[in-house]
Amino acid sequence: MLMSDRIGSRMRLQDLHVLMTVAQAGSMGKAARMLNTTQPNVSRAIGDLEHALGVRLLDRHRQGVEPTECGRALLNCGAAVFDDLRQGVKRIEFLADPTVGKCGLAAPLFWRQPSFPPS
């Protein structure tokens, strides 16, 4: 199976968000608290991502976790993905706002040639 096929069928945005939070927090336990979930759920999300991509994304240490080179690559692209999604949502909100839109105004133009000298 090609990498692109695995991504489309197995990679979830929520798991990417979890990875980004783990990298920011530096540990799965802290990330779980930040995400208001359990550490096993965080570990499962990371494991699902690693399985889908076929690479390790985090090095686990007693002091916490650190992204691997592959993990850093995914984190960089994940930041871009979420930025694009935020921009898309803002665009949709703008388009869906009934108070915003195009307004056309037409008025007849009356033009009168001035007379010289003015009367």
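Analyst: The axes of helix H2 (residues 13–25) and helix H4 (residues 39–53) come within 9 Å and cross at roughly 115°. That makes H2 roughly perpendicular to H4, a label for angles of 65 to 115 degrees. Axes are lines fitted to C-alpha atoms over the stretch in contact, with angles from 0 to 180 degrees between N-to-C directions.

User: What is this model, and how is it numbered?
Analyst: It is a predicted model, in which local features need pLDDT of at least 70 and side-chain atom pairs pLDDT 80 or more, while totals for chains, interfaces and linings use all residues. Residues are numbered from 1 along each chain as its sequence is written, and side-chain values use heavy atoms, leaving out hydrogens and water.

User: Which residues of H2 and H4 meet?
Analyst: From H2, Asp 15, Leu 16, Val 18, Leu 19 and Val 22 meet Val 42, Ala 45, Ile 46, Asp 48 and Leu 49 of H4; contact means heavy atoms within 4.5 Å. Eight of the residues in this contact are nonpolar, two are charged and none is polar. Here Ala, Val, Leu, Ile, Met, Phe, Trp, Tyr, Cys and Pro count as nonpolar, Asp, Glu, Lys and Arg as charged, and the others, Gly among them, as polar.

User: Changing topic, how many helices and strands are there?
Analyst: The protein has five helices and two strands, in the order α-α-α-α-β-β-α along the sequence. Both are DSSP runs numbered from the N terminus: helices (H or I) of at least four residues, strands (E) of at least two.

User: And how much is buried?
Analyst: Of the 119 residues, 26% count as buried, meaning under 20% relative accessible area with a 1.4 Å probe, protein chains only.

How values were computed: Parallel < 35°, antiparallel > 145°, perpendicular 65-115°, else oblique. Buried < 20%, exposed > 50% of the residue type's maximum accessible area, 1.4 Å probe, protein only.
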